[in-house]
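Here's a quick briefing to read with the structure open. Have a look at it first, then come back for the details.

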Amino acid sequence: MADEPLVLGIETSCDETGVGIVRGTTLLADAVASSVNDHARFGGVVPEIASRAHLEAMVPTIQRALDTAGIKASDLDGIAVTAGPGLAGALLVGVSAAKAYAWALDKPLYGVNHLASHICVDQLEHGRLPSPTMALLVSGGHSSLLLSEDITSDVRPLGATIDDAAGEAFDKVARVLGLGFPGGPVVDRTAREGDRKAIHFPRGLTGKNDPEYDFSFSGLKTAVARWVEAKRRAGEEVPIADVAASFQEAVTDVLTRKAVKACKDNGVDHLMIGGGVAANSRLREMAQQRCDRAGIRLRVPRPGLCTDNGAMVAALGAEMVWRDRAPSAFDLSADSSLPVTEVHVPHTHFHDQAYDALGGGAA
Amino acid sequence: MLLLAFDTATPAVTAAVHDGTAVLAETHQVDARRHGELLLPAIDQVLRAAGVDKHGLTGIAVGVGPGPYTGLRVGLVTAAALGHALDLPVHGVCTLDAIAFQARAEGLAGQPFTVATDARRKEVYWASYDAEGRRTEGPGVDRPAELTPAARSVGAGALLYPDAFPGAHGPEHVSAGALAGFAAAELAAGRELLPNVPLYLRRPDAQVPAGYKAVLPA
Ligand SMILES: [Zn+2]
């Protein structure tokens, strides 16, 4: 197989239709069509609206990526797609499209895990991932600590949120403060004007007997809401920037503390941070300081590659081709709760039977 | 003419190849929850069975609904992607028209009738046809009791609500062979088919969260 496989990746697990094209570990195109504005007035992603938008955007986004990369679809060495986890109906649009392209172009199909893709995308920025790599994934849908020996086959979950994802907490706090949706970028911006030590909000699951690598953000979110309401009831003005900064400090403190501890405990000297919340400026700053102090090398992709995108799927697909992993069968299903341990969904050897089971035949 | 036709707007996952004169091969499997898994293998199989290379196709005909959205989109995005990758025109066909075409072939020619499929939530997707097979009403989505269907009716939606559709009978779901036959006849007559755009008929379900909910006891 090619040393530098040329792979197209399709990502539709949430509200972004992402199509990326990579050659080996080089990014050639990263086209995104987002329906985020259609969801804003609902304060969250509406699955049916996302699915409708994916269908409309699919072919134009693919064409845009091919044009940007300056390649023809027939040049590709493979097609990769997010098989899960994510919104079921949204995933299904991407998986169906990927199958059709792979079949029509006679290219291998790789159904890959969204979380592993978030880790693998860093290869486009900082070269091949070392083995092992510790990854902290934080977004509106996930908050996990993952230990990866081989990004195409061996990703182990060490811990995850037991309630809200970190990004969800940002969205909810933004709503409490009347800052709009999505909450991540606006809280980050607002916090820059505030004092992060103004209010000491609770750090979830940091007690002596708490699970070491799990997270909880639900109590923090409630504490912020109570604090703000109490101020409003007392007729006092809410110091919005201070609340945003203090909330953000609590989230990033817990995330970086646990991630650095996980590295030390497991003898891992690389920490990768990915997911939409990795675009947060305070998280990046604090992680850098704590990693420097602990002698850990921090790898964080640029913000545009941290959020959901097609490039990350293409990056993992290219790694699959490079490592000669088995492609997926055409009966690949979209799995909304695909476990992170299933980095890719290979050939099931069922498809001859599936053909037979279809019945029909010559009329 | 070599048409690849498929439809995922009803519980059937069905694909066919049509040469402009007749159906060369057809597959039909009923599994309302597995459109995404079954469609591409079905397409691959039906081309093999017809002995047709995908590069020999001249067009794609796809059922654009109405139908339950998640399954419906599998067919539409597959058609769009195949059309793009193989550089083929994609012709949309109202799924109810394809069922009507089949019903006439099975004996309803010469009389008016209504086609109804299951729209869930106690509603049906429906359309009515005259004795010549022309669509006179619909497609619409309504509660069966609110409709005045023709004396004869077909489709799973009609069978599901016998009070509203007396004397309902098959075909239950769409067959890609009939869809291809309808598309081939329309194209041969020089008529335009529909764009590859879903007939959702309903707005997306989207509840606006009822403001910010207080956590302190009132
Ligand atoms: Zn994500």
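## The sheet in chain A

A:Leu147 sits opposite A:Arg156, which belongs to strand 8 of chain A. Keep in mind that this is a predicted model, where local features need pLDDT of at least 70, side-chain atom pairs count only at pLDDT 80 or more, and totals for chains, interfaces and linings use all residues. Residues are numbered from 1 along each chain as its sequence is written, chains are lettered from A and ligands numbered from 1 in the order in which they are written, and side-chain values use heavy atoms, with hydrogens and water left out.

- Strand 7 (residues 143–150) of chain A pairs with strand 8 of chain A in the antiparallel sense, over six bridges. Strands here are DSSP runs of E with at least two residues, helices are runs of H or I with at least four, and both are numbered from the N terminus; two strands pair if DSSP finds at least two bridges between them.
- Five strands make up this open sheet of chain A, in the order 8-7-6-9-10 with mixed pairing.
- Strand 8 (154–160) and strand 10 (297–299) of chain A each have a single partner strand, so one side of each is left without a neighbour in the sheet.
- From one strand to the next, the twist averages 25°. Angles run from 0 to 180 degrees between N-to-C directions, with axes as lines fitted to C-alpha atoms, for helices over the stretch in contact.
- Helix 10 (residues 281–294) of chain A lies across strand 6 (133–138), strand 9 (270–274) and strand 10 of chain A, and runs at about 160° to strand 10 of chain A.

## The zinc site

- Four protein donors sit 2.1 to 2.7 Å from the zinc ion: A:His114 (NE2), A:His118 (NE2), A:His142 (NE2) and A:Asp308 (OD). Donors are N, O and S atoms within 2.8 Å of the metal (3.2 Å for Na, K and Ca); water is not among the atoms, so sites may look incomplete.
- The donor atoms subtend angles of 86 to 162° around the zinc ion, so the arrangement is irregular.
- The donor spacing in sequence reads H-x3-H-x23-H-x165-D.
- A:His114 in helix 4 (residues 114–120) and A:Asp308 in the loop between helix 11 (303–306) and helix 12 (310–322) of chain A are 194 residues apart, so the pair links distant parts of the chain.
- A:His114 counts as buried at 0% relative accessibility, and A:Asp308 counts as buried at 16%. Buried means under 20% relative accessible area, exposed over 50%, partly exposed in between (1.4 Å probe, protein chains only).

## Chain B

- Chain B has five helices and nine strands.
- Its open sheet has four strands in the order 8-7-6-9, with mixed pairing.
- The edge strands, each pairing on one side only, are strand 8 (135–142) and strand 9 (152–154) of chain B.
- Five bridges join strand 7 (residues 124–129) of chain B to strand 8 of chain B, and the two run antiparallel.
- B:Tyr125 stands opposite B:Val141 in strand 8 of chain B.
- Of the 218 residues in chain B, 55% count as buried.

Conventions
Four donors count as tetrahedral if all angles lie between 85 and 135 degrees; four count as square planar and six as octahedral if opposite donors are over 155 degrees apart and all others between 65 and 115; anything else is irregular. Contact means heavy atoms within 4.5 Å.
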